[in-house]
Each structure stands twice: as C-alpha cells, then as structure tokens.
Amino acid sequence: MAKLNIAPTKSNLLAIKEQLAVSTAGYDLLEQKREILVMELMRIVEQVKLLEAQIDKCIEKAYPALKRMLMSVGGDRVERIAHGVEYKFEISEKQNAIAGMSFTNLEVTLPKKQLFSSFLGSTADSDEVMSDFFELLSILAQMAGIRTIAWRLALEVKKTQRRVNALDKMVIPQDRETVKYIEGVLEERERDNVFVMKSLKKRQGF
C-alpha cells in the first residue's frame, strides 16, 4: 500500500496518527452498523417469504372462486357487479426506524370489507370472490411496503459495505504505512543528529 505524499515532520506524524485513530474508530462503528443492517435485512426477507406464501395461498383460493363465478353467472353479469362495487383506499407515509435510521414508507389502509349479496344482482358467490380478493389485496399492500423497506435496507448495506472496504483496504493501510515511513525518517534523523553531536564533542575535546 502506497503511503501519503506528505513531508516527514513531527506535526504531520501527529496529524496522521490522529487521522488513523479516527479511521479505525469509524471502521469499527461502520462494521457494527453493517452487521445490524444485515440482520435486519435477513429478518425482513423472512417476512417477505411468509407473505409470499400467504399470497400464493390466497391466489390458489381466489382465482378458482372467480372462475366458478364466471362459469355460474357469465362474464357480463360479473362485470356489472364489479362496476357496482366501490372501495376507497387511503395511502399515507409511515416512518420506520431500523438500525438507527429512518425509512419513509408508503402504507395502504384498506377500508372495512363489505358484502354485497342481492346488490345489483350479486350472489353469495360474488361475495366469496370479493372476500378472497380483498384478502389478497390486503397482503399485497403489506408486501409492497415491506419490499420497499427491504430494497432500501439492501442499498444501505451495500453503501456501508463500500465504506467499510474503503477504510479497511485503502485508508487505514495507507495511514499506517505513512506513520511507519515518517517514524522511520524521524528516527534516522535523530540518529544522524546524535552522531553529529558526538562528532562535534570529540572535535572540541569533550
């Protein structure tokens, strides 16, 4: 690792030693942060896996129910029923604190589920379909939010890892090499000064 291109003076040695201490402390903190972020990311990924399993289960239930309804009442009637049903959703921002950081995430608030049997010619089958898809929509909303957090956590892990690598592979080794070089030069100068002083004393008869 190449040293810094600075003059080998005592003041520069003190400055580099201070910089090295700061870099080393920063490395330790960033490494701790990276480990916490990775643990949180793994926890979020497990939640994503659980939601994916729930989504698959809902899909296996909802789409066959829709198919049965289409076969029972026909596509035109299903479309008329669909146009007669209206739900209003609320989308808001939610702050999530993870590993000491704040993440802004969109949260979808679903309205209370309603049943529409006998409304606009709807049937119990249509209520079943709406209930199944309402459940699916609810889980999809959760998935959207948690995937956003996972994505941002992954980016933060990547950014933190780059900083850790920069300190570990470049900054700290370079500072150490510079300290070693300056200390070597100063020690050599000190030996030279001692030799010169001894030579002068001999010439002066001391």
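Q: Let's start with Ile146: leaving aside neighbours within four places in sequence, which residues is Ile146 in contact with?
A: Ile146 is in contact with Ile44, Gln47, Val48 and Leu51, once those sequence neighbours are set aside. Keep in mind that this is a predicted model.

Q: OK. And which residues touch the most other members in the largest nonpolar core?
A: Ile146 is one of them, along with Ile44, Met143 and Leu153. That core has 18 residues.

Q: Where does the largest share of this core come from?
A: From H3, which supplies eight residues. H1, strand S2 (101–109) and H3 each give the core at least two residues.

Q: Let me zoom out. How many helices and strands does the protein chain have?
A: Three helices and two strands. Starting at the N terminus, the order is α-α-β-β-α.

Q: And how much of the protein chain is buried?
A: Buried residues are 27% of the 206 residues.

Q: What about contacts with a separation of 6 or more: what share comes from residues 24 or more positions apart?
A: That share is 76% in the protein chain.

Q: New topic: how many aromatic pairs turn up in a search of the whole structure?
A: One. Tyr63 and Phe133 make an edge-to-face pair, with 5.1 Å centre to centre and 75° between the planes.

Q: Which parts of the chain does the pair link?
A: Distant ones: Tyr63 sits in helix H1 (residues 10–73) and Phe133 in helix H3 (residues 124–203), 70 residues apart.

Q: Last one, Asn96. Where is Asn96 placed?
A: Asn96 is in strand S1 (residues 90–98).

Q: Is Asn96 buried or exposed, and why?
A: Asn96 counts as buried because its relative accessibility is 16%, and the cut-off for buried is under 20%.

Q: So what does Asn96 touch, not counting residues up to four places away in sequence?
A: Asn96 touches Met101, Ser102, Phe103, Asn105 and Ile149.

Q: How many residues apart in sequence are Asn96 and Ile149?
A: They are 53 residues apart in sequence, and their C-alpha atoms are 8.5 Å apart in space.

Definitions and conventions:
Residues are numbered from 1 along each chain as its sequence is written. This is a predicted model: local features need pLDDT of at least 70, side-chain atom pairs count only at pLDDT 80 or more; totals for chains, interfaces and linings use all residues. Side-chain values use heavy atoms; hydrogens and water are left out. Helices (H or I, at least four residues) and strands (E, at least two) are DSSP runs, numbered from the N terminus. Buried means under 20% relative accessible area, exposed over 50%, partly exposed in between (1.4 Å probe, protein chains only). Contact means heavy atoms within 4.5 Å. Rings of Phe, Tyr and Trp (its six-membered ring) pair if their centres lie within 6.5 Å; planes under 30 degrees apart count as stacked, over 60 as edge-to-face and the rest as tilted. A nonpolar core is a set of buried Ala, Val, Leu, Ile, Met, Phe, Trp, Tyr and Cys residues joined through side-chain atoms within 4.5 Å.
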